[in-house]
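The following questions and answers examine the fold of a single protein chain. The model is predicted.

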Amino acid sequence: MPRRTLLTLKTAVCAMALATVAVSLTVTAAKDARQKTNSPQQATPAGLERELKAVEHRVDQIEARALAEVNSKSLDSLDPFERVTLLGELLLFDKQLSVNRNMACASCHMPETGFTGPISSVNLTTVSYPGSVHIRHGARKPQSYSYATFAPVLHYDQLKGDFVGGNFWDMRATGIRLQSPTAEQAQGPPLNPLEMGLPDSACMVYRVSQRPYRQLFEKVWGKQAFAIKWAADVEKACGTPGPAPTNDPFPVHLGPSDRDISNLTYDQIALAIAAYEASPDVNPFTSKFDYVQAGKAQFTSEEKAGYDLFRGKAKCNECHRDGGPTEEPLFTDFTATNLGIPRNSAIPFFQESKPDLSGYIANSLGANYVDTGVGGFLNDAPNTAWKSYTSKFNARFQVPTLRNVDMRPRQDFVKAYMHNGYLKSLKEVVHFYNTRDVLPSCKPNDPGEKVSCWPAPEDSSNLNKTQLGKLGLTDEEENSIVSFLKTLTDGFKKPK
């Protein structure tokens, strides 16, 4: 993509001022909602409001920069690749596309953290991010967008006896319908009541039709994309948090032809987002590892030792594949496994067992909820042949890429790891892999937790006992692996 046209100082200041007002109103509304809701109150992480403001500012700035590029040149001067990726970026960073107009897709997936959770205080505590309805949280940490577009369409590999591909921790964005797991992943958060919260996919289409980049969208997909007769109450319908009521599953009332157009345009929105996520902006392959592989840099002795352990004694490479014949070095095999991660009770989802102001109950099981991962998806999968694999895949979660696993905006920024964010540093991750089956079980509130003991797995079904748990690594070897993992961060600049 071309270098973005810079905003004038006046425009940037105005954008930030407007963002400050919007964030202030959002935070105030969230406080009011917490005071009025019947749901159990959640402790607000220290520093949350300050970090939320910073993320909102950053989202607004990126959107404004992209809009400035749209406005600064003729759309005919952009080649088709530039048009669709620019459109995808605008869609990804647009807060207006959530029910309360306060949350973009990128709010949980920012560039400076490798397109995953951008709020340190949330990563340290609640892990799951507040949705557009701020009192609602999901059950998992945000996955990274980085390199996710390389995932194949989900399929069952008969030889390996394993599912491969898809997006989301539970692989449910299969990619079968659109032939793109990333595009189908992009269609999840807008309609998830715990995330962007729209009650109807047509709301996304309607909101996009009102945005200043509508002309760009029509340039990419054609003017028929918004040739829809909207009902008079569409604003009200789309400002009501989902899920849609059971007696009115499509609260934006459209005729059959208009609904068909809306459904197609919703797919086109998702495909544009996937095009941006497939671009070098998101997948640049510019880590120190890449420079070393190209013969343009060298590992330190500790990094080299860590890489050797990664490929050998530590067994990391068995799932986090670093490439081979015809393979990109993506550091994942796109399968799923159960690592035996302990439960993370700090996730607010466990307490969302009572109706909120909209009457919505996020988690009727409350503290008894157990995340069944891929098995839970397979049990409800549209492909009925897959249901027979449910028990074999309960408690398994997708193997994430390790690229940008340490990307952070500052040294003291906390990142959360694993599907539930239980682990908070690469050292903890490697130590867990090394000692899960060696150290004793922790007692409640054990001060040695994560160092000299581990809690039991949240769910021991299908526990991976062959590739981790008792690796026999020394403390020095653990540290060497951590040093190697840090070489996977994009944006490496070779010392002059």
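In what follows, Lys and Arg count as positive and Asp and Glu as negative, while His and the chain ends are left out.

Q: How far apart do the centres of the positive and negative side chains lie in the protein chain?
A: The protein chain carries 55 positive side chains and 54 negative ones. The centres of these two sets are separated by 3 Å.

Q: What radius of gyration does the protein chain of 496 residues have?
A: The chain contains 15 helices and 4 strands. For 496 residues the globule rule gives 23 Å, and the computed value is close to this, so the chain is as compact as a globular protein of that length. Along the principal axes, its C-alpha atoms fill a box of roughly 65 × 55 × 45 Å. The radius of gyration is 23 Å.

Q: What percentage of the residues of the protein chain count as buried?
A: A residue is buried when its relative accessible area is under 20%. The accessible surface of the chain comes to about 21,900 Å², with 54% belonging to carbon and sulfur atoms. Of the 496 residues, the buried share is 57%.

Q: Which elements are included in what covers the buried residues of α11?
A: Helix α11, residues 301-311, has Glu303, Gly306, Tyr307, Leu309 and Phe310 as its buried residues. Viewed down the axis of α11, these fall within an arc of 165°, so they line one face of the helix. Their cover includes α10 (288-293) and α15 (475-485).

Methods
Residues numbered from 1 in each chain as written. Predicted model: local features only at pLDDT ≥ 70, side-chain atom pairs only at ≥ 80, totals over all residues. Heavy atoms only, no water. Helix = DSSP H or I, 4+ residues; strand = E, 2+ residues; numbered from the N terminus. Rg over C-alpha atoms; globule rule 2.2 N^0.38 Å. Buried < 20%, exposed > 50% of the residue type's maximum accessible area, 1.4 Å probe, protein only. Areas by Shrake-Rupley, 256 points an atom, 1.4 Å probe, with all protein chains shown as cover. Charge placed at Lys NZ, Arg CZ, Asp CG, Glu CD. Arc of directions from axis to C-beta. Contact = heavy atoms within 4.5 Å.
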